[in-house]
Structure formats: structure tokens, C-alpha cells
Amino acid sequence: MTPSPSYAPPPPSGLSLSVGPVEAGLGHRASVLTLTNRDTRPRKVTGYPDLKVLAGDGTPLDVKVEHGTSYFARDLGPQDLTVRPGEKVVAVLAWSATVTSGDTRTGAAISVVPVPGEPEQKQPLDTDLGTTDTVTLSSWATGIGN
């Protein structure tokens, strides 16, 4: 059995990522990604996070990341946001656990670069992708559907 990788806690300064629990409904799944500004100055956040789904050994899975609206969240498209110290923005990662034919795929974690130039942050997240091999990601926003 391959040991599960351990992931560092979110950084104490800069843009810090946290991942919410998986919510489920009618074969769909989602998790809210929260980005907190832990700096002492405002930070600019725009567009979509750069996201990869990782296997249990930490290697990226061949999973398509689509940008847009999902069963769980409406996507307003890329926005230029100023995140003041202590403030948060969110994005919603959603997928379907649909199984048609073929092998099912399961991810154990995600790798996220919140905005270009920021370091990658890895967090555990179980993703039961069924046979779809696709996730949908909304843009950073001040709230879900905002």
C-alpha cells in the first residue's frame, strides 16, 4: 500500500488556502475553496485558481478542469478583487460521481496555485470522480454566487 502524502498547513502569511468538506447531492459533489489574505496589505486576486487533482501518492491525475457554473455554484466569470488583510474569497470545486462504463477514478488531494506567481498549496480532498474525469471550478468571488 502506498503511504498517503502529508500536506503542510496553509501558510501563516500571504494568501492561505483552506478546503471545506465535500457536500453531496443527487450524484454531484462539491467543496468550497477559501482563500484568506494573511498579509498586512491588500492583495489582488483575479480569475480562476490553477487546480490539479492528485492521486494518493501526490502525482497529478489526468482530470480535465473546466471553468464555469456547476450544480452547486453559479460562476460569475473572472473578477478583479482586492482582498484586504483578514478578508476571504471563495471558489467552488464541483464534480459528478457518475459511473457509466470504464474504470472509476478517485483523487486524494488537490494542488492549487491561487493566483499566478503565488506558491502551490496542496490540501487533502477526497474526490470520487466516477468515470467522468472532469471537475468544474468557479472563479474567485466574495461569496458563492456573488
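Biologist: In which loop does Asp133 lie?

Modeller: Elements are DSSP runs numbered from the N terminus: helices are H or I with at least four residues, strands E with at least two. On that basis, Asp133 belongs to the loop between β10 (121-128) and β11.

Biologist: What model is this, and what was left out?

Modeller: The model is predicted: local features need pLDDT of at least 70, side-chain atom pairs count only at pLDDT 80 or more, and totals for chains, interfaces and linings use all residues. Residues are numbered from 1 along each chain as its sequence is written, and side-chain values use heavy atoms, leaving out hydrogens and water.

Biologist: Is Asp133 buried, exposed or partly exposed?

Modeller: The classes rest on relative accessible area: buried is under 20%, exposed over 50%, partly exposed in between, with a 1.4 Å probe and protein chains only. Asp133 has 24%. Therefore Asp133 counts as partly exposed.

Biologist: What is the phi of Asp133?

Modeller: Asp133 is not a glycine, yet its phi is positive. The value is about 55°.

Biologist: Where is Leu26, and what is its phi?

Modeller: Leu26 sits in the loop between β2 (23-25) and β3 (28-37). Leu26 is exposed, because its relative accessible area is 74%. Its phi is positive in a residue other than glycine, and lies near 50°.

Biologist: How many helices and strands does the chain have?

Modeller: From the N terminus on, the elements run β-β-β-β-β-β-β-β-β-β-β. The count is zero helices and eleven strands.

Biologist: What radius of gyration does the chain have?

Modeller: The radius is taken over C-alpha atoms, and the globule rule is 2.2 Å times the number of residues to the power 0.38. The chain has 146 residues, so a compact globule would come near 15 Å. The chain agrees with that, at 15 Å.

Biologist: What box do the C-alpha atoms fill, and what share of the residues count as buried?

Modeller: Along the principal axes, the box is roughly 50 × 35 × 20 Å. Of the 146 residues, the buried share is 45%.

Biologist: What part of the contacts with a separation of 6 or more comes from residues 24 or more positions apart?

Modeller: A contact means heavy atoms within 4.5 Å. Among contacts with a separation of 6 or more, residues 24 or more positions apart account for 77%.

Biologist: Which residues does Val135 contact?

Modeller: Val135 is in strand β11. It counts as buried because its relative accessibility is 0%. Beyond neighbours within four places in sequence, its contacts include Leu51, Val53, Leu93, Trp95 and Leu129. Also among them are Val63, Lys64, Val65, Glu66 and Ala94.

Biologist: How far apart in space are Val135 and Val63?

Modeller: In sequence they are 72 residues apart. In space, C-alpha to C-alpha, the distance is 7.2 Å.

Biologist: Which residues does Ala94 touch?

Modeller: Ala94 lies in strand β8 (residues 88-96). It counts as buried because its relative accessibility is 5%. Not counting residues up to four places away in sequence, Ala94 touches Arg29, Ala30, Ser70, Val135 and Thr136.

Biologist: Is Thr136 buried or exposed?

Modeller: Thr136 is in strand β11. Beyond four places in sequence, it touches residues including Glu66, Gly68, Val92 and Ala94. Its relative accessible area is 15%, so Thr136 is buried.

Biologist: Which backbone nitrogen does the side chain of Ser138 reach?

Modeller: Ser138 is in the segment after β11 (134-137). It is buried, because its relative accessible area is 6%. A polar contact is a pair of N or O atoms within 3.5 Å; within protein, one must be able to donate a hydrogen and the other to accept it, and residues adjacent in sequence count only if both atoms are side-chain atoms. At 2.7 Å, the Ser138 side chain reaches the backbone nitrogen of Val92.

Biologist: Which residues is Ser138 in contact with?

Modeller: Neighbours within four places in sequence are left aside. The remaining contacts of Ser138 are Tyr48, Pro49, Gly68, Asp75, Ala91 and Val92.
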